[in-house]
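User: I would like a close look at one part of this model, the surroundings of the ligand. Please keep the answer connected and plain.

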Amino acid sequence: MTGTTSPSGAAEKVWPTVAVLGAGAMGSQIAGVIALSGRDVVLADTSDEALQRALATLDSRWESSVAKGRMTAQAKQDAYSRIRTTTDPVSGCVRADLVIEAIVEKLDVKRSTFEAVGAAVAPATVLATNSSSFVPSQIADVVPDPSRFLGLHFFNPALVMKCVEIISGPQTDPQLLETAVRFVEEIGKEPVVLRKEINGFIANRILGAVRDEAIRLLEGGYASVTDIDRACRTALGYPMGPFELMDLTGIDIGYLTKTARYEASGDPADAPSRTVAAKVAAGHLGRKTGRGFYLYDEQGTRLGEAPADDAPSTRSEGDRSHG
Ligand code: 3HC
């Protein structure tokens with residue numbers, strides 16, 4: 001459904017019912033943003049534990065906004081009550097005007113999910129991926145109407161970050177793109193349109209260049225994690241340094257993104273660095289595991305720099321590259 005005017009004259013919302021697939025850090029906050037905009041949301045994940053964790057996180061984030069006077073208790077209650085959860089992703093999508101997939105960054109898993117969802121939803125349903133790296137044409141061919149498929153890429157933490165990249169594939173209906181811009185504006189975000197497909201889109205490509213250089217400096221022994229982050233914050237005005245940011249977004253997410261880019265390009269410069277590969281192999285994925293480039297206590301308070309991890313035993317082309 002697109003934004004239209006109802007017989008009463010009131011403007012209807014673009015895509016009033018949204019299904020979000022995946023209740024991880026991104027999916028849960030995307031669901032929260034959409035519920036705050038007055039839309040009904042179905043949050044789907046095969047893990048009930050992930051769904052309960054997502055609801056608890058939203059509840060505590062919103063409770064703190066209420067305590068700071070940034071949100072009324074009623075607005076919190078309204079948003080919370082608009083989110084329904086299900087452990088059956090396909091049935092969760094059946095009544096949605098828009099489906100946003102925010103599951104693991106693996107192409108085969110995304111393709112099989114969209115194949116199942118695409119077969120179950122109404123023809124008018126819009127299908128979108130929140131992939132950090134894959135372009136629409138890598139997925140759209142599995143759904144019945146590829147012209148209704150696009151990318152909607154949110155940033156972490158999605159409740160806070162304003163940008164949403166809208167990724168148009170060669171198969172995406174240009175009118176759908178315009179509607180997506182209105183949708184993003186209506187949910188209180190800033191739309192940025194990627195007009196021609198490129199893996200990694202805009203912000204992540206720029207971020208990746210900064211990250212690669214930070215890792216090059218670290219691996220060369222030129223400066224510490226702490227000082228590279230401090231330079232980015234205090235010299236360049238970044239809200240977080242690259243290592244702090246990797247710990248926030250999940251070191252595994254960047255690893256998978258770079259792996260996907262490397263598989264697409266074949267260019268060793270696109271492959272994950274040995275530093276990142278070692279952290280992923282050791283399970284030191286950032287804040288979510290209590291250890292990444294820094295160490296964290298149970299409350300998430302940063303304790304200091306983490307020791308370097310040993311390089312994984314099977315060394316890949318990534319040894320010659322960064323990120
Ligand atoms: N989830 C939700 N809200 C959060 C949050 C989180 N993890 N962390 C902080 N916040 C909220 C706080 O509650 C606070 O809200 P309020 O203004 O209503 O009180 C607000 O953000 C500011 O928080 P703090 O004062 O505690 O801390 P900061 O001022 O340092 O802000 C930050 C935190 C917003 C995360 C800021 O440091 C920042 O902008 N960092 C950069 C984040 C970034 O670059 N994101 C993009 C990553 S790349 C990506 O996502 C691509 C993907 O493909 C992987």
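How many Å separate the centres of domain 1 and domain 2, taken over C-alpha atoms? With that settled, which residues are closest to the ligand, and which elements give two or more residues to the shell around it?

Analyst: The model is predicted. The domain assignment of the protein chain gives two parts, domain 1 (17-194) and domain 2 (203-320). Taken over C-alpha atoms, the centres of domain 1 and domain 2 are 26 Å apart. Where these domains touch, domain 1 supplies ten residues to the contact and domain 2 supplies nine. The side of domain 1 that touches domain 2 consists, by class, of four nonpolar, three polar and three charged residues.

The ligand draws on both domains: domain 1 and domain 2 each give at least three residues to the shell around the ligand. In total, 19 residues surround the ligand, and the closest of them are S132, F155, N156, P157 and P239. Two or more residues of the shell come from each of α2 (48-67), α7 (203-219) and α9 (242-249). Of the contributions to the shell, that of α2 is the largest share, at three residues. By class, the shell around the ligand holds ten nonpolar, six polar and three charged residues.

Two of the closest residues, N156 and P157, also stand out in the backbone. The peptide bond that joins N156 and P157 is cis, with omega at about 0°. In general, most peptide bonds are trans. P157 sits in the loop that runs between β6 (149-154) and β7 (163-167).

Helix α2 packs against helix α3 (residues 73-81) at an angle of about 160°, and the axes of α2 and α3 are 9 Å apart. An angle over 145° counts as roughly antiparallel, and α2 and α3 are therefore roughly antiparallel to each other. The crossing in which α2 passes α3 is right-handed. On the α2 side the contact is made by D59, W62 and V66, and on the α3 side by A73, K76, A79 and Y80. The residues of this contact of α2 with α3 comprise five nonpolar, no polar and two charged.

The other two helices, α7 and α9, pack against each other. Their angle is about 115° and their axes lie 10 Å apart, so α7 and α9 are roughly perpendicular to each other. The crossing of α7 and α9 is left-handed. In this contact V210, R211 and A214 of α7 meet P242, F243 and M246 of α9. The class count for the contact of α7 with α9 is five nonpolar, no polar and one charged.

Helix α9 has a further partner, helix α8 (residues 225-236). The axes of α8 and α9 are 7 Å apart, and the helices pack at an angle of about 100°. That angle makes α8 roughly perpendicular to α9. From α8 the contact takes V225, I228, D229 and C232, and from α9 it takes P242, F243 and E244. This contact of α8 with α9 divides into five nonpolar, no polar and two charged residues.

W15, a residue other than glycine, has a positive phi, near 50°. In general, most residues other than glycine have a negative phi. W15 is located in the segment before β1 (17-21).

Notes. Residues numbered from 1 in each chain as written. Predicted model: local features only at pLDDT ≥ 70, side-chain atom pairs only at ≥ 80, totals over all residues. Near = placed C-beta within 6 Å. Helix = DSSP H or I, 4+ residues; strand = E, 2+ residues; numbered from the N terminus. Nonpolar A, V, L, I, M, F, W, Y, C, P; charged D, E, K, R; others polar. Domains from an automatic or database assignment. Axes fitted to C-alpha atoms, helices over the stretch in contact; angles between N-to-C directions. Parallel < 35°, antiparallel > 145°, perpendicular 65-115°, else oblique. Left-handed = near helix turned anticlockwise from the far one by under 90°. Contact = placed C-beta atoms within 7 Å.
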